[in-house]
There are 4 protein chains.
Amino acid sequence: MVGCCSPRVMIIITEPGATPEQIENIVARVHEFGLEAEVSREGARVVVGVAGAERMAREKPLAAMPGVEAVVAATKPYKLAAREARGESSTVDICGLSIGGDSAVALICGPCSVESREQMLSIARTLKDSGARMLRGGAFKPRTSPYSFQGLREEGLRFLAEARNETGLPVITEVMDPRDLPIVERYADCLQIGSRNMHNFSLLREVGRSHLPVLLKRGFGATINEFILSAEYILKEGNTNLLLCERGIRTFETLTRYTLDLSAVPILKAKTHLPVVVDPTHAVGLRDFIPQMAIASVAAGADAIMLEVHESPACAKSDGDQALLPEVFARLVPRLRAVANAVGRDL
Amino acid sequence: MVGCCSPRVMIIITEPGATPEQIENIVARVHEFGLEAEVSREGARVVVGVAGAERMAREKPLAAMPGVEAVVAATKPYKLAAREARGESSTVDICGLSIGGDSAVALICGPCSVESREQMLSIARTLKDSGARMLRGGAFKPRTSPYSFQGLREEGLRFLAEARNETGLPVITEVMDPRDLPIVERYADCLQIGSRNMHNFSLLREVGRSHLPVLLKRGFGATINEFILSAEYILKEGNTNLLLCERGIRTFETLTRYTLDLSAVPILKAKTHLPVVVDPTHAVGLRDFIPQMAIASVAAGADAIMLEVHESPACAKSDGDQALLPEVFARLVPRLRAVANAVGRDL
Amino acid sequence: MVGCCSPRVMIIITEPGATPEQIENIVARVHEFGLEAEVSREGARVVVGVAGAERMAREKPLAAMPGVEAVVAATKPYKLAAREARGESSTVDICGLSIGGDSAVALICGPCSVESREQMLSIARTLKDSGARMLRGGAFKPRTSPYSFQGLREEGLRFLAEARNETGLPVITEVMDPRDLPIVERYADCLQIGSRNMHNFSLLREVGRSHLPVLLKRGFGATINEFILSAEYILKEGNTNLLLCERGIRTFETLTRYTLDLSAVPILKAKTHLPVVVDPTHAVGLRDFIPQMAIASVAAGADAIMLEVHESPACAKSDGDQALLPEVFARLVPRLRAVANAVGRDL
Amino acid sequence: MVGCCSPRVMIIITEPGATPEQIENIVARVHEFGLEAEVSREGARVVVGVAGAERMAREKPLAAMPGVEAVVAATKPYKLAAREARGESSTVDICGLSIGGDSAVALICGPCSVESREQMLSIARTLKDSGARMLRGGAFKPRTSPYSFQGLREEGLRFLAEARNETGLPVITEVMDPRDLPIVERYADCLQIGSRNMHNFSLLREVGRSHLPVLLKRGFGATINEFILSAEYILKEGNTNLLLCERGIRTFETLTRYTLDLSAVPILKAKTHLPVVVDPTHAVGLRDFIPQMAIASVAAGADAIMLEVHESPACAKSDGDQALLPEVFARLVPRLRAVANAVGRDL
């Protein structure tokens, strides 16, 4: 038995009708696990406080035991990502561009896919002039169909790097396979983990060991808690230059491609210390409504906005339906800045 | 057969392997319905243009016929709600308060339930001083459990009316049953149809015949298209003083009570001419994150924001977890105004 | 303070860092509500047992108080529907047809809408010959669009009654409005509450006072717990002849109209004593896959299966895409019977 | 222009108000892509038939062009998985165990994680005696939290192989990383791709080149069409020994861990030629309701059922709440067999 001041790692609440034998069994099991238990009575129920090594307690399937109604974890499942782990907000530095904390809201823009050298150089110059601070472009593309364009791979990375060298904009690109990481690291300034790989734990561990910052997109079928736990995989390997990116979740609504969950922005900022990016392009999927949702994202507290911009959306090799024209983007920037200023941020 | 200039109400596309018999049957069926058909060939497929009375065409289950791959409606399923029906945005006048179009963004505030005369008078005065323009409060409460507080009914309506008389703020309250409508109309300035009744078509028709404006909340399991069709039920009866209200949809995310679908705001404003209200309180359900989502709602283009405010949330008879304190609301108003101004609106 | 043997109605668990003042405030609030509290310490947390009138405890927003982490209800929110309320399974008698308990699995069939006298008489005879035990048909139709066929109303009820008189099959039909109840009661043998009205609490109360049995469909956006609470509304008014009907929930999958949640069948049968019906027609919405899902529903433990059957689906006034042809239904019956027998039931 | 007998790869339907210039632009774009176009008029709309190389047509974002309302693909996005690709159902042979087609329904059982040599040998013998035909057990575990047990890795594979050698049951285990494939191939008889990796396209390609059969689980956030496209990735690399596994999708219902989408079984069997497995354990997540859902899965047409069985669920290192006890499984087998027989299958 443990005194009432030992730190509890878990509290077990029994069913109203739990028998004395069931309660004895629960306590015996807790002891078997090398943990301590203190029993107190709450009327028809019994409350068992469990103390000991937390990891041990988490692994044990106490909820499955007869007589157990609920097991309440005494601590959060994530630690390194939790706001309390740092107190203040983190900022991430990408080649001199600071994202998070009180930094200016950053615009991360570019085409869905890198398609050619000319395309990248041209769009990079245009975007820089309009106010973008980072350049995006996919060289390795996760495509639902094996028959869709899969990306230019290393050639695409080279075009990206060339655009960076010419404009000074740092570049971000997706990595899909741990084996591609060395080559991506050679060209990119920031690694992107796509929504479909948020649960690819091998890949998360691998980018957790990279020297490059990482932008982790929320899985479109993942809860906010699961999203933070995937971030924890990266942080646990030592990489703390981490950005979280909300990009829409899957719901029954079919007018939009996904449903942008903007509530995730203030929640992620309250529960973690990490900067939060919003990608309205993939969430909404309909070009006409993306500017308004970019504006709402800034108002919701996003630290950066990721937007697809393409000089000729009708010719894009992927996702042409949702890319903004450069002139639409250029007209959007002052509107984003006005809202950023209204909520006390620069842009 | 119909000439190629007759207005089509529907286009039928056959399967690649549709047989001549199947195509003949499709055409025969179209004729049976008193509609006209023109057949053209698109390679392996046949396209059948259907002309005639639209309602007739909609009712007919042509998609069920052998050989049919798809039936594309030539027109939208809603007419009166469609933006094209008016061209410009509608504004709704509620006792002199104008919502929609270029009007100032309006704040509609109050407790979830009317609980007492003192409560309503006190909160009404406080809210008016802080900048609210309309007072909300439930007298008839739709509660998931029959054992929960069901509202003060007519007594609650009287308290609401008294608060209106004292402060001049128009009042909005929910009506749940067609039989309660006459009594609610006696006291209220605006009728609310709750999320759980968005598909209660009898009730929609009934408020469609009322002289009072109506705020229609989106069903938490309803698509945007279904939402607009429910609005159409009300408009069809002649009541054009109609506000649409996004209040969160049900998704797999459990941290928030519902998922606020802010994308619905620009979409509803593009597809319909009706003013759009956002209720972040019920969507988010967590007091700490509601102010941020109210701000984002204004940025997304909402014409009004509905917020629960309670002087003593811990004592509220319903939904205490999510009501804002009056002082929190008072501090929120200038932040909402700053964002409204940044997007070119007053508040 | 309350002794440890007083029956608890609620257990409050504080946050690890709750201050003594917060705990005092929580206890003070519990006392204000006329409830009793007993405080015990669980390491960094405090557990407050609350005793007193349950309804009182439920209404109180204790979870909103500073320092509170979780409030665990000591009892289920529903009572009359709970299995423990009866111990054994209920059976519902509809004009001599028994559904639930060990009764044979019943087939409830018919067209979506009543369209004509001839249609109903003809389909009723055919269905009876094939093994159907109850006849369905809509006279009041809840349609998403106000421009769709809304039903024959009283004329439709008359055709239904005539079909019942001729075949002896009891008839079930939907009621959408409390004001229509008297006329529906005059003709029908069982009342149906549709999915869109599961949260229409006025209507639930009204059919709770009817002498006729009720089939309550699950809202397509409703959880199982909410479904049981809607049943509780009906039971609370005294009508215990109640059938629960799973008919699909709304998910991101778009190939099927809804997603049939067959897990709800064993769960509803474990948590409540009420018979459970499955309607695969509306859930799947694709004629080809309905027979297989009807078979799976019987295997999952359904007490009755509701199926749309239409002699000429391509001419149906509503939902023609999903109705089975009578000959398809006739061939399905022995397959359903074989599976019913395999799980120990007649059909 | 292309004659009306050229095989169309796509049909473009314009908006009712599309201008002649818009239509000219659409046709010009089609030509730019090296495709052919034929224009026909359907009243207010124009229909453009597109002919040429299909892959080219798919890549082109024609839907983004002004004046385009809809683009209908003339062929399915998957080919190798499509039922028409083979006509008959495939069977997959795993060390002499045949799954699919008219083969007996197979039971694939074992613990969630491989925990020890004794555990695996003991459970393997017990399961074989009860009627299991394949042994499952995780050596590489995809865990939401980095602090959870991550599997015994190669040691676990050795225990699995030893259990196979002793009992003759083929073994299936999950592979999470392309770099682990060689070692997993050394021990396993069948590779499992978990739900969280259904969109891990690098991994799909890699197992597509393996000589071992693959069981692909549906992503819990993936549509049926996306699921089939992921299967297509594997088939395209040449591995045709492929099993599809439905294991629940994420919905708003929280009583069950996921929602088992049994409708996917007949749909997958109609649209593809691949065998379909159901895993009710992970879908339901509540031990009490798993047997009933296993029975329903057989009735729905599953070719195999995957079940977690653990000799001491309360001690399991992962997912103890949902594992069946061996004696519960033993009692379930004859019930599964009865239903299999009732639907014309052995087990």
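In this predicted model, chain B is superposed on chain C by a rotation of 180° with 0.0 Å of shift along its axis, and the RMSD is 0.1 Å. The two copies are therefore related as by a two-fold rotation axis. Within chain B, the residue that comes closest to this axis is B:Gly221, with its C-alpha at 2.3 Å.

The same surface serves both copies, as 100% of the contact residues of chain B recur in chain C. Chain B gives 50 residues to the contact, and chain C gives 50 residues. Between them the two chains bury about 4400 Å², with 52% of this area on carbon and sulfur atoms.

Four salt bridges are counted between chain B and chain C. In one salt bridge, the side chain of B:Arg250 meets that of C:Glu226 at 2.6 Å, N to O. On the side of chain B that touches chain C, at least two residues each come from helix H2 (54-59), helix H6 (201-207) and helix H7 (224-236). H7(B) supplies the largest share of that side, five residues.

A search for disulfides over all chains finds zero in the whole structure.

| Cysteine | Nearest cysteine sulfur | Distance |
|---|---|---|
| B:Cys109 | B:Cys245 | 12 Å |
| D:Cys109 | D:Cys245 | 12 Å |

A disulfide needs the two sulfur atoms within 2.5 Å. B:Cys109 counts as buried because its relative accessibility is 0%. D:Cys109 also has 0% relative accessibility and so counts as buried.

Methods: Residues numbered from 1 in each chain as written. Chains lettered and ligands numbered in written order. Predicted model: local features only at pLDDT ≥ 70, side-chain atom pairs only at ≥ 80, totals over all residues. Heavy atoms only, no water. Buried < 20%, exposed > 50% of the residue type's maximum accessible area, 1.4 Å probe, protein only. Least-squares fit on C-alpha atoms with pLDDT ≥ 70 in both. Contact = heavy atoms within 4.5 Å. Buried area = accessible area lost by both parts, 1.4 Å probe. Helix = DSSP H or I, 4+ residues; strand = E, 2+ residues; numbered from the N terminus.
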